[in-house]
Amino acid sequence: MHWPLGSLLTLAWRNLWRNYRRTLIMLLAIALGVWAMIVMSALMRGMTDQMVRNGLATLPGEAQIHHPEFLLDPSVVNHMPMPAGRLLEQLNSAPITAWAARLRVPAVLASEYASRGVTLLGVDPAQEDALGSLPETLLEGRMLAGADDRGILLGAGLAARLETGLGKRIVLMTQDTANNVADRGVRIVGIYRARLQGDEERFAYVGRGALQELLGLEQRVTEIAVSASDYTAVDAWLPALQAAASPELEVLGWTELHTFLGSMLAVQEGFVLVFMVVVFLVLSFGLINTLVMAVFERTRELGLMQALGMRPALILLQVLLESLLLLALGLLAGNSLALATLLPLRDGVDISAVAEGMEMMEMGTTLYPLLALDDMLMSTAVVLTLGLLASLLPAWRASRLDPVRALARH
Amino acid sequence: MSRTRSLLATLFCLLAIAAPACALDAATIVRQAMDHYRGQSSRADMTMIIHRPDWERSMRMQAWTAGDEKTLVRVTEPRKDAGNATLSVDSNMWTFSPSINRVIKVPSSMMGQNWMGSDFSNKDVSKSADIVSQYDHTLLATEEHEGHQVWVVESVPHEEAAVVWGKEVLRIRDDWVLLEQQFWSQDGELVKTLAALAIEEMAGRPVATVMRMAKTDAPEEYTELRTHAVEFDLELADSLFTLSSLRNPRQ
């Protein structure tokens with residue numbers, strides 16, 4: 001069978017511009033739809049990406065090693081030894097870029113005027129620096145100098161609540177492994193500012209060695225945080241780490257440690273697709289209407305073509321080509337429009353007006369849209385597939401016209 | 001050892017009674033005042049009055065102490081609170097409440113909170129004798145007060161002592177009665193004061209029978225401890241300071 005594609009394409013293209021006003025309106029609708037799909041998914045992707053990053057910065061790490069009971073009962077009773085032997089070797093080998101052994105215990109900090117419950121982190125600043133898990137902004141004073149620093153690093157929000165400040169002494173109270181009260185006076189050596197106000201009041205940092213001494217836990221820790229700097233590629237190295245750790249330890253990736261973030265990311269993928277399909281379903285009614293009208297206007301013409309010997313399949317193809325051209329033009333315009341919107345927003349959108357609500361989702365005050373090639377390809381695929389499916393009906397009707405009746409129409 | 005030393009210091013002081021200011025060292029004065037206040041052991045019958053501008057409530061209680069580290073307090077009145085008890089051994093603390101019939105260990109997170117709704121914290125109750133060993137003491141001045149000599153001692157907590165105060169100022173009378181204990185913030189502000197409002201002779205020694213703890217910025221909110229009777233240096237069974245005695249009073 002002969003397929004005169006070239007002339008069909010010319011016919012389709014010219015037909016498209018016979019009623020250019022209608023075509024332009026339809027183009028505008030498709031372009032806006034595509035623009036909305038891409039921009040919305042970029043904003044959503046930016047949001048989840050930031051949530052995951054913020055979440056992993058405070059988790060911290062993309063994987064953690066614990067005593068198997070620790071996650072159920074985060075008490076100092078469930079401690080474990082510092083990494084050694086094969087585990088230490090594995091931690092120091094690629095692709096793992098940083099790890100930190102830390103003590104995480106619930107504690108109470110008391111000043112002359114108030115006392116607050118906090119999560120006290122006994123850290124080795126050198127290890128934490130590599131992991132990037134220490135607060136970024138120091139307002140006053142200094143960071144912890146080493147694992148044996150006897151001072152404490154407090155958030156500005158917590159210091160304000162305790163009505164205390166840099167250089168003052170506060171009392172740190174916690175429980176040792178025998179559930180006895182362990183307390184000591186500590187001097188505030190630094191005040192930090194966290195990106196999230198909540199973190200500032202929740203976390204206080206002390207030297208790991210100093211905390212081990214207070215709790216009577218020589219060379220013991222409660223968690224080891226591990227990072228390879230890319231949260232999407234954890235599965236590549238996690239099994240090796242699990243194999244290297246002794247069977248009495250639990251090694252978990254972040255999707256299991258922070259299940260909310262894990263499922264969040266999985267749901268988002270599906271959500272983007274659902275969103276695109278919904279937007280396009282709305283569009284498709286316009287598209288079908290346009291094509292039905294185009295076919296209806298040309299009933300006589302189509303009847304004449306058939307009478308002259310054009311096969312129904314070619315008529316079907318011609319209408320589909322017309323629709324394809326319309327969709328392709330719409331996609332081109334939509335994608336360019338989306339790029340033109342997103343590129344200037346690369347440095348972030350200020351959303352501080354709704355910062356309080358966003359903070360509950362572990363978001364900062366700036367939203368960084370994240371344009372993914374996948375999203376652009378997906379929107380193109382959705383529009384083309386569904387668009388052609390929607391055009392099938394008018395195209396089918398055009399190809400099934402009875403030439404005699406069609407020619408008799410006025 | 002420290003007792004013999006303080007005894008020697010007292011002797012020395014008695015010998016040098018003619019001297020205008022007795023060269024007693026500040027740590028010994030504080031040690032003596034605490035020993036005087038708690039005795040080797042003691043049993044006291046007292047009322048705690050919690051006063052606020054719009055309400056006031058009082059609780060009658062019995063308290064036993066042994067050494068610096070053991071304290072048992074049991075509420076006897078009013079009836080709805082009777083039987084509530086607190087035991088403190090070393091730095092740990094337990095409470096018992098008959099209405100729920102449970103002994104609860106006071107977790108470290110609660111040690112800073114107030115004790116039975118008063119202006120004393122759990123820590124004040126469980127660590128009342130810490131001031132002797134956890135502070136550096138300096139004698140600031142010696143005053144005359146109602147015919148008694150009064151020592152003013154400044155006590156600064158050790159760098160890593162579990163104490164929030166910048167310093168405490170104690171005024172101790174020459175018969176070892178603690179007249180006043182001031183709690184100063186690290187900014188040099190007076191935060192709260194424990195003052196002896198009445199002193200009487202009891203069990204053969206002068207005792208501060210009314211003591212009031214009040215915050216400086218809210219003088220209308222205070223807690224008063226009124227001692228009705230007290231005995232010192234009696235034989236107390238070790239079994240008194242146990243969890244089972246906390247739950248089942250035998251006295």
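1. Helices here are DSSP runs of H or I with at least four residues, strands are runs of E with at least two, and both are numbered from the N terminus. The model is predicted: local features need pLDDT of at least 70, side-chain atom pairs count only at pLDDT 80 or more, and totals for chains, interfaces and linings use all residues. Residues are numbered from 1 along each chain as its sequence is written, while chains are lettered from A and ligands numbered from 1 in the order in which they are written.

2. Helix α7(A) itself spans residues 208-215, and six of its eight residues are buried, so the helix is largely enclosed by the rest of the structure. A residue is buried if 20 or more other C-beta atoms lie within 10 Å of its own, exposed if 12 or fewer, and partly exposed in between, with C-beta atoms placed from the backbone. The buried set is Arg208(A), Ala210(A), Leu211(A), Gln212(A), Leu214(A) and Leu215(A). Their cover includes five strands of chain A: β3 (98-110), β4 (115-123), β8 (181-193), β9 (203-207) and β10 (220-221).

3. Chain A is divided into domain 1 (5-55 + 262-408) and domain 2 (61-254). These bounds come from an automatic or database domain assignment. The C-alpha centres of the two domains of chain A lie 50 Å apart.

4. Next, the cores. A nonpolar core is a set of buried Ala, Val, Leu, Ile, Met, Phe, Trp, Tyr and Cys residues joined through C-beta atoms within 7 Å. The largest has 111 residues. Leu109(A), Ile152(A), Ile170(A), Ala204(A), Tyr205(A) and Val30(B) have the most contacts inside it. Strand β3(A) gives the most to this core, with nine residues. Domains 1 and 2 of chain A both give residues to this core, so it lies between them. A second, separate core has 37 residues, among them Leu16(A), Ile315(A), Leu317(A) and Leu371(A).

5. Ile170(A) deserves a look. Leaving out residues up to four places away in sequence, Ile170(A) touches Leu109(A), Ala110(A), Ser111(A), Leu162(A), Thr164(A), Val186(A), Ile188(A) and, in the other chain, Val164(B). Contact means that the C-beta atoms of two residues, placed from the backbone, lie within 7 Å.

6. At the interface, 18 residues of chain B are in contact with 18 residues of chain A. The chain B side that touches chain A divides into nine nonpolar, seven polar and two charged residues. Ala, Val, Leu, Ile, Met, Phe, Trp, Tyr, Cys and Pro count as nonpolar, Asp, Glu, Lys and Arg as charged, and the others, Gly among them, as polar.

7. Chain B has four helices and 13 strands. Of its 251 residues, 35% are buried. Take the chain B contacts between residues at least 6 apart in sequence: 41% of them join residues at least 24 apart.

8. Strands β2 (residues 55-66) and β3 of chain B run antiparallel and are joined by seven bridges. Two strands pair if DSSP finds at least two bridges between them. Ala66(B) has Lys70(B) of β3(B) as its bridge partner. The hairpin of β2(B) and β3(B) has three residues between the strands, and Gly67(B) in this hairpin takes a positive phi near 60°. Strands β3(B) and β4(B) also pair in the antiparallel sense, over five bridges. Here Arg74(B) is partnered by Ala85(B) of β4(B).

9. One runs from Ala94(A) to Pro95(A), with omega near 0°. Pro95(A) sits in the loop between α3 (85-91) and β3 of chain A. Another joins Glu77(B) and Pro78(B), with omega about -5°. Pro78(B) is in the loop between β3 (70-77) and β4 (85-89) of chain B.

10. Asn101(B) is not a glycine, yet its phi is positive, about 55°. Asn101(B) lies between β5 (92-97) and β6 (102-105) of chain B, and is exposed, with 9 other C-beta atoms within 10 Å. Asp233(B) has a positive phi near 50°. Asp233(B) belongs to the loop between β13 and α4 of chain B and counts as exposed, with 10 C-beta neighbours inside 10 Å.
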